[in-house]
Amino acid sequence: METALPTVLGMALATRTDRRPSPARLLWRSTIGKKAVMAVTGLIMLLYLVSHLLGNLKVFAGPDEMNGYAHWLRTVGEPFLGHEWFVWLARCVLLAAVGLHGVSAYQLSRRDLAARPVPYAARRRATARDSYATRTMRWGGVILALFLVWHILDLTTGTVNPRGRAGHPYENIVATFSTWYGNAIYVVAMLALGLHVRHGFWSAAQTLGVNRPRRERALKATANALALVLTAGFLSIPLAVMTGVVS
Amino acid sequence: MNLRLRIWRQPGPAAEGALTSYDITGVSPDMSFLEMLDTLNEQLAERGEEPVAFDHDCREGVCGACGMVINGQAHGPERTTACQLHMRHFADGDTIVVEPWRAAAFPVLRDLVVDRGALDRIIGAGGYVTAPTGSAPEAHATPVPKESAETAFENAECIGCGACVAACPNGSAMLFTAAKVVHLGELPQGAPERDSRVLDMVGQMDTEGFGGCTNTGECATACPKGVPLPSIAAMNRDYLRAVRRGGGR
Ligand code: HEM
Ligand code: FES
(Lines give C-alpha, C1' and ligand atoms only; values in the text may rest on other atoms or scores of the structure.)
(Ligands and ions follow the chains in the order given, each with its own letter.)
Protein backbone atom coordinates (compact mmCIF):
# COMPACT_ATOMS: atom_id res chain seq x y z
CA MET A 1 0.00 0.00 0.00
CA GLU A 2 2.82 2.39 0.91
CA THR A 3 4.37 2.01 -2.51
CA ALA A 4 1.15 1.82 -4.48
CA LEU A 5 -0.28 5.09 -3.20
CA PRO A 6 2.09 7.56 -4.92
CA THR A 7 1.58 5.81 -8.26
CA VAL A 8 -2.15 6.11 -8.02
CA LEU A 9 -1.88 9.73 -6.92
CA GLY A 10 0.52 10.36 -9.76
CA MET A 11 -1.98 9.01 -12.23
CA ALA A 12 -4.73 11.11 -10.80
CA LEU A 13 -2.57 14.20 -10.95
CA ALA A 14 -1.29 13.46 -14.45
CA THR A 15 -4.80 13.65 -15.83
CA ARG A 16 -5.25 17.18 -14.53
CA THR A 17 -3.82 19.76 -16.81
CA ASP A 18 -5.67 22.82 -15.55
CA ARG A 19 -3.66 25.18 -13.39
CA ARG A 20 -4.95 27.13 -10.45
CA PRO A 21 -5.18 30.90 -10.69
CA SER A 22 -2.86 33.02 -8.54
CA PRO A 23 -3.67 33.16 -4.80
CA ALA A 24 -5.02 36.72 -5.03
CA ARG A 25 -7.33 35.82 -7.90
CA LEU A 26 -8.41 32.61 -6.20
CA LEU A 27 -9.32 34.58 -3.06
CA TRP A 28 -11.18 37.32 -4.86
CA ARG A 29 -13.17 34.83 -6.94
CA SER A 30 -14.27 32.45 -4.21
CA THR A 31 -16.95 33.12 -1.63
CA ILE A 32 -14.63 32.09 1.19
CA GLY A 33 -11.79 34.26 -0.11
CA LYS A 34 -13.97 37.32 -0.53
CA LYS A 35 -15.36 36.81 2.92
CA ALA A 36 -11.79 36.66 4.23
CA VAL A 37 -11.17 40.03 2.57
CA MET A 38 -14.21 41.36 4.45
CA ALA A 39 -12.95 39.89 7.69
CA VAL A 40 -9.43 41.35 7.40
CA THR A 41 -10.63 44.79 6.29
CA GLY A 42 -13.28 44.73 9.03
CA LEU A 43 -10.65 43.96 11.63
CA ILE A 44 -8.43 46.77 10.31
CA MET A 45 -11.36 49.18 10.72
CA LEU A 46 -12.07 47.76 14.15
CA LEU A 47 -8.48 48.36 15.22
CA TYR A 48 -8.80 51.92 13.95
CA LEU A 49 -12.04 52.43 15.85
CA VAL A 50 -10.45 51.37 19.14
CA SER A 51 -7.62 53.88 18.72
CA HIS A 52 -10.06 56.51 17.43
CA LEU A 53 -12.14 56.07 20.58
CA LEU A 54 -9.11 56.40 22.84
CA GLY A 55 -8.22 59.62 21.03
CA ASN A 56 -11.75 61.02 21.19
CA LEU A 57 -12.08 60.46 24.91
CA LYS A 58 -9.56 63.30 25.33
CA VAL A 59 -12.45 65.76 24.98
CA PHE A 60 -13.11 65.02 28.64
CA ALA A 61 -9.68 66.48 29.44
CA GLY A 62 -10.58 69.81 27.89
CA PRO A 63 -9.95 71.82 24.70
CA ASP A 64 -6.18 72.13 25.10
CA GLU A 65 -5.64 68.41 25.53
CA MET A 66 -7.96 67.51 22.62
CA ASN A 67 -6.65 70.09 20.20
CA GLY A 68 -3.07 69.34 21.22
CA TYR A 69 -3.67 65.67 20.49
CA ALA A 70 -5.10 66.48 17.07
CA HIS A 71 -2.08 68.60 16.32
CA TRP A 72 0.31 65.90 17.50
CA LEU A 73 -1.34 63.35 15.18
CA ARG A 74 -0.15 65.42 12.24
CA THR A 75 3.41 65.35 13.45
CA VAL A 76 3.68 61.60 14.10
CA GLY A 77 6.84 60.15 12.57
CA GLU A 78 8.59 63.47 12.08
CA PRO A 79 11.28 64.09 11.09
CA PHE A 80 11.42 60.70 9.36
CA LEU A 81 7.99 61.34 7.87
CA GLY A 82 6.91 64.73 6.62
CA HIS A 83 4.12 66.81 8.18
CA GLU A 84 0.73 64.98 8.03
CA TRP A 85 2.27 61.97 6.24
CA PHE A 86 1.12 59.64 8.99
CA VAL A 87 -2.52 60.75 8.87
CA TRP A 88 -2.55 60.49 5.10
CA LEU A 89 -1.04 57.02 5.28
CA ALA A 90 -3.73 55.97 7.74
CA ARG A 91 -6.41 57.53 5.53
CA CYS A 92 -5.18 55.56 2.52
CA VAL A 93 -5.25 52.28 4.44
CA LEU A 94 -8.72 53.02 5.80
CA LEU A 95 -10.05 54.07 2.41
CA ALA A 96 -8.77 50.82 0.89
CA ALA A 97 -10.30 48.87 3.78
CA VAL A 98 -13.70 50.55 3.47
CA GLY A 99 -13.66 50.16 -0.31
CA LEU A 100 -12.74 46.48 -0.31
CA HIS A 101 -15.18 45.77 2.53
CA GLY A 102 -18.03 47.53 0.79
CA VAL A 103 -17.40 46.05 -2.66
CA SER A 104 -17.09 42.54 -1.21
CA ALA A 105 -20.25 43.04 0.84
CA TYR A 106 -22.12 44.17 -2.24
CA GLN A 107 -20.92 41.34 -4.46
CA LEU A 108 -21.45 38.63 -1.85
CA SER A 109 -24.88 39.97 -0.91
CA ARG A 110 -26.00 39.91 -4.54
CA ARG A 111 -24.81 36.35 -4.83
CA ASP A 112 -26.51 35.35 -1.57
CA LEU A 113 -29.83 36.86 -2.61
CA ALA A 114 -29.67 35.16 -6.00
CA ALA A 115 -28.95 31.81 -4.34
CA ARG A 116 -32.30 31.90 -2.53
CA PRO A 117 -34.70 33.32 -5.11
CA VAL A 118 -37.93 31.87 -3.69
CA PRO A 119 -38.80 32.66 -0.08
CA TYR A 120 -40.67 30.20 2.12
CA ALA A 121 -44.38 30.76 2.46
CA ALA A 122 -44.31 29.70 6.11
CA ARG A 123 -42.24 32.06 8.20
CA ARG A 124 -40.73 30.46 11.21
CA ARG A 125 -39.76 32.46 14.25
CA ALA A 126 -36.11 33.46 14.40
CA THR A 127 -33.91 30.92 16.13
CA ALA A 128 -31.66 31.99 18.96
CA ARG A 129 -28.64 31.94 16.67
CA ASP A 130 -30.17 34.18 14.05
CA SER A 131 -29.82 37.31 16.15
CA TYR A 132 -30.89 40.84 15.34
CA ALA A 133 -27.24 41.79 14.78
CA THR A 134 -26.86 39.02 12.21
CA ARG A 135 -29.93 40.05 10.27
CA THR A 136 -29.01 43.73 10.17
CA MET A 137 -25.47 43.41 8.79
CA ARG A 138 -26.39 44.62 5.31
CA TRP A 139 -28.56 47.60 6.21
CA GLY A 140 -26.37 48.34 9.20
CA GLY A 141 -23.38 48.45 6.88
CA VAL A 142 -25.19 50.85 4.56
CA ILE A 143 -26.04 53.09 7.53
CA LEU A 144 -22.38 53.04 8.57
CA ALA A 145 -21.25 53.94 5.04
CA LEU A 146 -23.64 56.92 4.93
CA PHE A 147 -22.55 57.96 8.39
CA LEU A 148 -18.93 57.80 7.32
CA VAL A 149 -19.56 60.31 4.52
CA TRP A 150 -21.41 62.69 6.82
CA HIS A 151 -18.81 62.27 9.58
CA ILE A 152 -15.92 63.20 7.28
CA LEU A 153 -17.80 66.21 5.91
CA ASP A 154 -18.61 67.21 9.48
CA LEU A 155 -15.43 66.79 11.49
CA THR A 156 -12.65 66.28 8.95
CA THR A 157 -13.41 68.83 6.24
CA GLY A 158 -15.82 70.87 8.35
CA THR A 159 -18.10 71.35 5.32
CA VAL A 160 -21.35 70.58 7.15
CA ASN A 161 -20.14 71.55 10.62
CA PRO A 162 -21.90 74.55 12.21
CA ARG A 163 -18.45 75.85 13.16
CA GLY A 164 -15.98 73.96 11.04
CA ARG A 165 -12.69 75.54 12.07
CA ALA A 166 -9.68 73.47 11.06
CA GLY A 167 -7.35 72.61 13.95
CA HIS A 168 -10.08 73.12 16.55
CA PRO A 169 -11.72 69.69 16.85
CA TYR A 170 -12.91 70.36 20.40
CA GLU A 171 -15.00 73.34 19.38
CA ASN A 172 -16.25 71.54 16.24
CA ILE A 173 -17.33 68.51 18.30
CA VAL A 174 -19.24 70.71 20.72
CA ALA A 175 -20.86 72.49 17.77
CA THR A 176 -22.02 69.22 16.20
CA PHE A 177 -23.50 67.86 19.38
CA SER A 178 -25.26 71.12 20.09
CA THR A 179 -27.58 70.38 17.15
CA TRP A 180 -30.42 67.89 17.40
CA TYR A 181 -29.63 66.28 14.04
CA GLY A 182 -25.96 65.89 14.94
CA ASN A 183 -26.96 63.94 18.00
CA ALA A 184 -29.62 61.91 16.19
CA ILE A 185 -27.29 60.85 13.37
CA TYR A 186 -24.64 59.92 15.89
CA VAL A 187 -26.84 57.83 18.14
CA VAL A 188 -28.30 55.85 15.23
CA ALA A 189 -24.87 55.26 13.70
CA MET A 190 -23.28 54.14 16.96
CA LEU A 191 -26.10 51.68 17.68
CA ALA A 192 -25.65 50.34 14.14
CA LEU A 193 -21.92 50.10 14.81
CA GLY A 194 -22.44 48.11 17.99
CA LEU A 195 -24.65 45.62 16.20
CA HIS A 196 -22.27 45.38 13.24
CA VAL A 197 -19.29 44.71 15.49
CA ARG A 198 -21.24 42.25 17.61
CA HIS A 199 -21.83 39.93 14.67
CA GLY A 200 -18.82 41.07 12.65
CA PHE A 201 -16.09 40.25 15.15
CA TRP A 202 -17.35 36.75 15.78
CA SER A 203 -18.07 36.26 12.10
CA ALA A 204 -14.53 37.29 11.19
CA ALA A 205 -13.15 34.72 13.63
CA GLN A 206 -15.27 32.08 11.92
CA THR A 207 -14.29 33.27 8.43
CA LEU A 208 -10.58 33.29 9.19
CA GLY A 209 -10.80 29.85 10.76
CA VAL A 210 -9.91 31.03 14.25
CA ASN A 211 -13.11 29.67 15.78
CA ARG A 212 -13.01 26.21 17.32
CA PRO A 213 -15.63 24.51 19.45
CA ARG A 214 -13.70 25.34 22.62
CA ARG A 215 -13.23 29.01 21.69
CA GLU A 216 -16.77 29.77 20.59
CA ARG A 217 -17.95 31.22 23.90
CA ALA A 218 -14.87 33.31 24.49
CA LEU A 219 -15.05 34.76 20.97
CA LYS A 220 -18.70 35.68 21.33
CA ALA A 221 -18.03 37.28 24.70
CA THR A 222 -15.18 39.32 23.20
CA ALA A 223 -17.43 40.42 20.34
CA ASN A 224 -20.10 41.59 22.78
CA ALA A 225 -17.57 43.38 24.96
CA LEU A 226 -16.01 45.16 21.97
CA ALA A 227 -19.42 46.20 20.67
CA LEU A 228 -20.47 47.50 24.06
CA VAL A 229 -17.26 49.42 24.76
CA LEU A 230 -17.21 51.03 21.30
CA THR A 231 -20.87 52.01 21.35
CA ALA A 232 -20.88 53.27 24.93
CA GLY A 233 -17.53 55.01 24.48
CA PHE A 234 -18.46 56.87 21.32
CA LEU A 235 -21.92 57.73 22.69
CA SER A 236 -20.46 59.19 25.88
CA ILE A 237 -19.26 62.24 23.93
CA PRO A 238 -22.60 63.50 22.52
CA LEU A 239 -24.15 62.66 25.90
CA ALA A 240 -21.52 64.75 27.65
CA VAL A 241 -22.18 67.71 25.37
CA MET A 242 -25.95 67.36 25.73
CA THR A 243 -25.70 67.30 29.51
CA GLY A 244 -23.20 70.13 29.62
CA VAL A 245 -20.32 68.07 31.00
CA VAL A 246 -18.34 69.10 27.94
CA SER A 247 -18.97 72.58 26.54
CA MET B 1 -55.98 13.45 14.28
CA ASN B 2 -57.42 15.64 11.58
CA LEU B 3 -55.14 18.12 9.88
CA ARG B 4 -55.19 20.83 7.25
CA LEU B 5 -52.17 20.53 4.96
CA ARG B 6 -50.96 23.25 2.64
CA ILE B 7 -48.59 21.55 0.22
CA TRP B 8 -46.53 22.94 -2.64
CA ARG B 9 -47.82 21.35 -5.85
CA GLN B 10 -45.83 21.78 -9.02
CA PRO B 11 -46.35 19.38 -11.96
CA GLY B 12 -42.87 19.77 -13.44
CA PRO B 13 -39.59 21.74 -13.37
CA ALA B 14 -40.79 24.46 -15.71
CA ALA B 15 -44.40 24.53 -14.50
CA GLU B 16 -45.92 27.09 -12.15
CA GLY B 17 -46.44 25.83 -8.64
CA ALA B 18 -48.76 26.83 -5.82
CA LEU B 19 -49.64 25.90 -2.28
CA THR B 20 -52.72 23.67 -2.30
CA SER B 21 -54.85 22.91 0.74
CA TYR B 22 -55.87 19.37 1.72
CA ASP B 23 -57.87 18.20 4.71
CA ILE B 24 -56.68 14.85 5.95
CA THR B 25 -58.44 12.61 8.44
CA GLY B 26 -57.47 9.58 10.48
CA VAL B 27 -53.84 10.52 11.19
CA SER B 28 -52.31 8.56 14.06
CA PRO B 29 -49.88 10.42 16.35
CA ASP B 30 -47.54 7.44 15.93
CA MET B 31 -47.23 7.92 12.18
CA SER B 32 -44.10 9.45 10.77
CA PHE B 33 -44.50 12.58 8.68
CA LEU B 34 -43.93 10.50 5.54
CA GLU B 35 -46.53 7.92 6.60
CA MET B 36 -48.95 10.79 7.06
CA LEU B 37 -48.16 11.87 3.47
CA ASP B 38 -48.66 8.25 2.33
CA THR B 39 -52.09 8.36 3.97
CA LEU B 40 -52.86 11.61 2.18
CA ASN B 41 -51.72 10.10 -1.12
CA GLU B 42 -54.02 7.10 -0.61
CA GLN B 43 -56.91 9.47 0.01
CA LEU B 44 -55.93 11.49 -3.07
CA ALA B 45 -55.67 8.36 -5.21
CA GLU B 46 -59.12 7.24 -4.08
CA ARG B 47 -60.48 10.58 -5.23
CA GLY B 48 -58.64 10.17 -8.53
CA GLU B 49 -56.24 13.04 -7.83
CA GLU B 50 -52.50 13.09 -8.49
CA PRO B 51 -50.54 11.99 -5.38
CA VAL B 52 -47.94 14.34 -3.84
CA ALA B 53 -44.41 13.52 -5.02
CA PHE B 54 -41.74 13.46 -2.32
CA ASP B 55 -38.31 11.87 -1.98
CA HIS B 56 -37.76 9.03 0.47
CA ASP B 57 -35.79 5.83 0.72
CA CYS B 58 -34.58 4.35 4.02
CA ARG B 59 -37.25 5.88 6.24
CA GLU B 60 -34.92 5.37 9.16
CA GLY B 61 -33.03 8.64 9.12
CA VAL B 62 -29.80 7.49 7.49
CA CYS B 63 -30.04 8.00 3.74
CA GLY B 64 -30.84 11.69 3.48
CA ALA B 65 -33.34 11.23 0.66
CA CYS B 66 -36.32 12.71 2.43
CA GLY B 67 -36.36 16.43 2.82
CA MET B 68 -39.05 19.07 2.97
CA VAL B 69 -39.61 22.33 4.73
CA ILE B 70 -42.38 21.88 7.29
CA ASN B 71 -43.88 25.05 8.74
CA GLY B 72 -40.83 26.99 7.60
CA GLN B 73 -38.30 24.64 9.16
CA ALA B 74 -36.17 22.11 7.29
CA HIS B 75 -37.38 18.64 8.36
CA GLY B 76 -39.93 20.29 10.66
CA PRO B 77 -39.93 21.22 14.33
CA GLU B 78 -37.75 18.41 15.66
CA ARG B 79 -34.05 17.98 15.01
CA THR B 80 -34.39 14.89 12.86
CA THR B 81 -35.26 13.85 9.32
CA ALA B 82 -38.80 14.12 7.98
CA CYS B 83 -39.04 10.32 7.96
CA GLN B 84 -38.22 10.23 11.67
CA LEU B 85 -40.50 13.12 12.59
CA HIS B 86 -43.64 11.83 14.26
CA MET B 87 -47.09 13.31 14.07
CA ARG B 88 -47.27 13.47 17.88
CA HIS B 89 -45.31 16.70 17.57
CA PHE B 90 -48.39 18.28 15.99
CA ALA B 91 -51.82 18.91 17.48
CA ASP B 92 -55.21 17.88 16.20
CA GLY B 93 -56.59 20.58 13.91
CA ASP B 94 -53.17 22.07 13.07
CA THR B 95 -52.46 23.62 9.70
CA ILE B 96 -49.12 22.40 8.36
CA VAL B 97 -47.34 24.11 5.46
CA VAL B 98 -45.09 21.79 3.44
CA GLU B 99 -42.67 23.22 0.88
CA PRO B 100 -39.70 21.88 -1.08
CA TRP B 101 -36.11 22.88 -0.29
CA ARG B 102 -35.69 26.37 -1.72
CA ALA B 103 -32.35 27.22 -3.31
CA ALA B 104 -31.24 28.32 -6.76
CA ALA B 105 -28.94 25.29 -6.85
CA PHE B 106 -31.83 22.90 -6.03
CA PRO B 107 -34.36 23.24 -8.87
CA VAL B 108 -37.78 21.80 -8.07
CA LEU B 109 -38.47 18.73 -10.19
CA ARG B 110 -41.98 18.08 -8.97
CA ASP B 111 -44.01 18.95 -5.87
CA LEU B 112 -41.61 18.41 -2.95
CA VAL B 113 -38.85 16.74 -5.00
CA VAL B 114 -35.80 18.85 -5.81
CA ASP B 115 -32.67 18.04 -7.79
CA ARG B 116 -29.81 17.76 -5.31
CA GLY B 117 -27.29 16.77 -7.97
CA ALA B 118 -25.24 19.85 -7.09
CA LEU B 119 -24.25 18.17 -3.82
CA ASP B 120 -23.14 15.07 -5.72
CA ARG B 121 -20.99 17.21 -7.99
CA ILE B 122 -19.33 18.84 -4.98
CA ILE B 123 -18.47 15.36 -3.69
CA GLY B 124 -17.27 14.40 -7.17
CA ALA B 125 -14.90 17.38 -7.17
CA GLY B 126 -12.88 16.02 -4.27
CA GLY B 127 -14.97 14.38 -1.55
CA TYR B 128 -13.01 11.13 -1.65
CA VAL B 129 -9.57 9.71 -0.93
CA THR B 130 -7.47 8.39 -3.76
CA ALA B 131 -6.35 4.98 -2.56
CA PRO B 132 -5.80 1.60 -4.12
CA THR B 133 -8.91 -0.53 -4.00
CA GLY B 134 -8.86 -4.20 -3.16
CA SER B 135 -9.40 -6.00 0.09
CA ALA B 136 -10.01 -3.83 3.14
CA PRO B 137 -6.75 -2.78 4.83
CA GLU B 138 -5.97 -4.08 8.30
CA ALA B 139 -7.78 -1.81 10.76
CA HIS B 140 -4.69 -0.90 12.78
CA ALA B 141 -2.38 -0.29 9.83
CA THR B 142 -2.93 3.48 10.07
CA PRO B 143 -3.28 4.75 13.64
CA VAL B 144 -5.77 7.61 14.07
CA PRO B 145 -5.65 9.83 17.17
CA LYS B 146 -8.83 9.53 19.20
CA GLU B 147 -9.72 13.22 18.90
CA SER B 148 -9.30 13.13 15.13
CA ALA B 149 -11.42 10.01 14.91
CA GLU B 150 -14.17 11.72 16.88
CA THR B 151 -14.07 14.92 14.82
CA ALA B 152 -14.02 12.90 11.60
CA PHE B 153 -16.96 10.82 12.75
CA GLU B 154 -19.00 13.82 13.86
CA ASN B 155 -18.63 15.24 10.36
CA ALA B 156 -18.98 11.91 8.57
CA GLU B 157 -22.49 11.69 9.98
CA CYS B 158 -23.66 14.06 7.22
CA ILE B 159 -26.27 12.27 5.11
CA GLY B 160 -26.34 14.88 2.36
CA CYS B 161 -30.01 15.69 2.82
CA GLY B 162 -29.52 19.38 2.01
CA ALA B 163 -31.33 20.74 5.07
CA CYS B 164 -28.40 23.11 5.67
CA VAL B 165 -28.89 24.64 2.23
CA ALA B 166 -32.65 24.81 2.70
CA ALA B 167 -32.35 26.52 6.09
CA CYS B 168 -29.65 29.00 5.08
CA PRO B 169 -30.98 32.46 4.14
CA ASN B 170 -28.26 32.51 1.45
CA GLY B 171 -28.88 29.02 0.11
CA SER B 172 -25.29 28.19 1.02
CA ALA B 173 -23.79 24.70 1.00
CA MET B 174 -20.94 25.57 3.34
CA LEU B 175 -21.93 23.17 6.11
CA PHE B 176 -22.37 20.26 3.70
CA THR B 177 -19.03 20.93 2.03
CA ALA B 178 -17.32 21.53 5.37
CA ALA B 179 -18.58 18.21 6.75
CA LYS B 180 -16.82 16.29 3.97
CA VAL B 181 -13.70 18.47 3.96
CA VAL B 182 -13.25 18.12 7.71
CA HIS B 183 -14.15 14.43 7.79
CA LEU B 184 -11.50 13.50 5.23
CA GLY B 185 -8.94 16.16 6.12
CA GLU B 186 -8.89 15.03 9.75
CA LEU B 187 -7.83 11.48 8.83
CA PRO B 188 -4.37 10.36 7.71
CA GLN B 189 -5.92 8.68 4.67
CA GLY B 190 -7.25 12.05 3.52
CA ALA B 191 -4.12 14.05 4.26
CA PRO B 192 -2.30 13.76 0.87
CA GLU B 193 -5.14 15.48 -0.98
CA ARG B 194 -6.09 17.90 1.75
CA ASP B 195 -5.22 21.09 -0.13
CA SER B 196 -6.54 20.18 -3.56
CA ARG B 197 -9.68 18.69 -2.01
CA VAL B 198 -10.78 21.84 -0.25
CA LEU B 199 -9.97 24.06 -3.23
CA ASP B 200 -11.77 21.80 -5.70
CA MET B 201 -14.83 21.23 -3.54
CA VAL B 202 -15.23 24.91 -2.68
CA GLY B 203 -14.67 25.78 -6.34
CA GLN B 204 -17.46 23.41 -7.36
CA MET B 205 -19.70 24.72 -4.57
CA ASP B 206 -19.30 28.27 -5.90
CA THR B 207 -19.84 27.12 -9.50
CA GLU B 208 -23.14 25.47 -8.58
CA GLY B 209 -24.60 28.82 -7.54
CA PHE B 210 -24.83 28.31 -3.80
CA GLY B 211 -24.61 31.47 -1.74
CA GLY B 212 -21.82 32.42 0.64
CA CYS B 213 -21.74 32.03 4.39
CA THR B 214 -22.83 34.91 6.62
CA ASN B 215 -22.43 32.87 9.78
CA THR B 216 -26.06 32.94 10.77
CA GLY B 217 -25.82 29.39 12.10
CA GLU B 218 -29.18 28.35 10.63
CA CYS B 219 -27.54 25.38 8.91
CA ALA B 220 -26.15 23.81 12.05
CA THR B 221 -29.45 24.39 13.86
CA ALA B 222 -31.31 22.56 11.09
CA CYS B 223 -28.84 19.70 10.55
CA PRO B 224 -30.54 16.45 11.59
CA LYS B 225 -27.14 14.90 12.26
CA GLY B 226 -25.70 17.70 14.36
CA VAL B 227 -22.77 18.67 12.13
CA PRO B 228 -21.42 21.63 14.14
CA LEU B 229 -20.94 25.21 12.95
CA PRO B 230 -17.20 25.29 13.81
CA SER B 231 -16.72 22.78 10.97
CA ILE B 232 -17.21 25.74 8.64
CA ALA B 233 -14.42 27.58 10.46
CA ALA B 234 -12.25 24.48 10.04
CA MET B 235 -12.96 24.41 6.30
CA ASN B 236 -12.19 28.13 6.03
CA ARG B 237 -8.90 27.47 7.82
CA ASP B 238 -8.07 24.64 5.39
CA TYR B 239 -9.08 26.72 2.41
CA LEU B 240 -7.02 29.76 3.33
CA ARG B 241 -4.01 27.58 4.10
CA ALA B 242 -4.35 25.75 0.78
CA VAL B 243 -4.43 29.09 -1.05
CA ARG B 244 -1.29 30.22 0.80
CA ARG B 245 0.49 26.99 -0.10
CA GLY B 246 -0.35 27.35 -3.75
CA GLY B 247 -3.13 24.82 -4.02
CA GLY B 248 -1.53 21.38 -4.12
CA ARG B 249 -1.26 21.38 -7.86
C1 HEM C 1 -18.74 50.78 4.36
C2 HEM C 1 -19.60 50.47 5.31
C3 HEM C 1 -19.86 49.02 5.63
C4 HEM C 1 -20.64 48.12 4.92
C5 HEM C 1 -21.46 48.39 3.65
C6 HEM C 1 -20.54 46.86 5.62
C7 HEM C 1 -21.21 45.71 5.26
C8 HEM C 1 -20.96 44.47 5.79
C9 HEM C 1 -21.62 43.25 5.40
C10 HEM C 1 -22.73 43.12 4.37
C11 HEM C 1 -21.04 42.25 6.10
C12 HEM C 1 -21.35 40.76 5.99
C13 HEM C 1 -22.48 40.46 6.89
C14 HEM C 1 -22.66 39.02 7.14
O15 HEM C 1 -21.69 38.27 7.11
O16 HEM C 1 -23.81 38.66 7.38
C17 HEM C 1 -20.02 42.82 6.95
C18 HEM C 1 -19.21 42.11 7.81
C19 HEM C 1 -18.27 42.67 8.66
N20 HEM C 1 -18.07 44.01 8.88
FE21 HEM C 1 -18.87 45.50 7.79
N22 HEM C 1 -19.71 47.02 6.70
C23 HEM C 1 -19.29 48.32 6.74
C24 HEM C 1 -18.47 48.92 7.70
C25 HEM C 1 -17.79 48.22 8.67
C26 HEM C 1 -16.99 48.87 9.70
C27 HEM C 1 -16.82 50.37 9.93
C28 HEM C 1 -16.44 47.87 10.42
C29 HEM C 1 -15.50 48.03 11.58
C30 HEM C 1 -15.81 47.68 12.77
C31 HEM C 1 -16.91 46.60 9.86
C32 HEM C 1 -16.57 45.34 10.33
C33 HEM C 1 -17.05 44.15 9.82
C34 HEM C 1 -16.58 42.85 10.19
C35 HEM C 1 -15.46 42.53 11.19
C36 HEM C 1 -17.34 41.92 9.45
C37 HEM C 1 -17.24 40.40 9.49
C38 HEM C 1 -16.57 39.84 8.28
C39 HEM C 1 -16.77 38.34 8.27
O40 HEM C 1 -17.90 37.89 8.38
O41 HEM C 1 -15.80 37.61 8.17
N42 HEM C 1 -17.73 46.87 8.80
N43 HEM C 1 -19.99 44.18 6.74
S1 FES D 1 -35.88 8.59 4.07
FE2 FES D 1 -33.78 8.16 4.49
S3 FES D 1 -33.32 9.80 5.85
FE4 FES D 1 -35.44 10.04 5.61
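A polar contact, as the term is used here, is a pair of N or O atoms within 3.5 Å. Keep that cut-off in mind, because a polar side-chain atom of Thr207(A) lies 2.7 Å from an oxygen atom of ligand 1, and so the pair falls inside the limit of 3.5 Å. What you are looking at is a predicted model, so let us walk through it starting from this ligand.

Where does ligand 1 sit? Look between chains A and B, for that is where ligand 1 lies. Its surroundings are made up of 22 residues, and the closest of them are Lys35(A), His101(A), His196(A), Ser203(A) and Thr207(A). The side chain of Ser203(A) has an N or O atom 2.4 Å from an oxygen atom of ligand 1. His196(A), in turn, places a polar side-chain atom 2.8 Å from a nitrogen atom of the ligand. Four helices of chain A give two or more residues each to the shell around ligand 1: H3 (31-56), H5 (85-115), H7 (137-156) and H9 (180-207). By kind, the shell holds 11 nonpolar, 9 polar and 2 charged residues.

Now step back to see how the two chains meet. Chain B brings 56 residues to the contact, and chain A brings 48. The size of an interface is often given as the accessible area lost when the parts come together. Between chain B and chain A, about 4,400 Å² is buried, with carbon and sulfur atoms giving 56% of that area.

What else links the two sides? Across the interface, 22 residue pairs are in polar contact, counting pairs with both residues at pLDDT 80 or more. On the side of chain B that touches chain A, at least two residues each come from strand S5 (95-99), helix H4 (163-167), helix H6 (194-207), helix H7 (218-222) and helix H8 (230-245) of chain B. Which of these elements gives the most? That is H8(B), with 9 residues. Sorted by kind, the residues on this side of chain B are 30 nonpolar, 17 polar and 9 charged.

Salt bridges also cross from one chain to the other. The model has 17 salt bridges over all chains, and 3 of them are between chain B and chain A. One pairs Asp200(B) with Arg20(A), the closest N and O atoms being 3.1 Å apart. This pair joins two chains, because Asp200(B) belongs to helix H6 of chain B while Arg20(A) is in the loop between H1 and helix H2 (23-29) of chain A. Glu147(B) and Arg214(A) form a salt bridge too, with their closest N and O atoms 4.0 Å apart.

Finally, how confident is the prediction? The model scores ipTM 0.91 and pTM 0.89. Chain B has an average pLDDT of 95, and 99% of its residues score at least 70. Among the elements of chain B, the mean pLDDT is lowest for H7(B), at 94, and highest for strand S7 (residues 113-114), at 98. Chain A averages 89, with 90% of its residues scoring at least 70. Its elements run from a lowest mean pLDDT of 45, in helix H1 (residues 4-14), to a highest of 97 in H3(A). Over residues 1-14 of chain A, pLDDT stays under 50, and the model has 9 contacts beyond four places in sequence for this stretch.

Notes
Residues numbered from 1 in each chain as written. Chains lettered and ligands numbered in written order. Heavy atoms only, no water. Contact = heavy atoms within 4.5 Å. Buried area = accessible area lost by both parts, 1.4 Å probe. Salt bridge = Lys/Arg side-chain N within 4 Å of Asp/Glu carboxyl O. Polar contact = N/O pair within 3.5 Å; in protein donor to acceptor, adjacent residues only side chain to side chain. Nonpolar A, V, L, I, M, F, W, Y, C, P; charged D, E, K, R; others polar. Near = heavy atom within 4 Å. pLDDT = per-residue confidence, 0-100.
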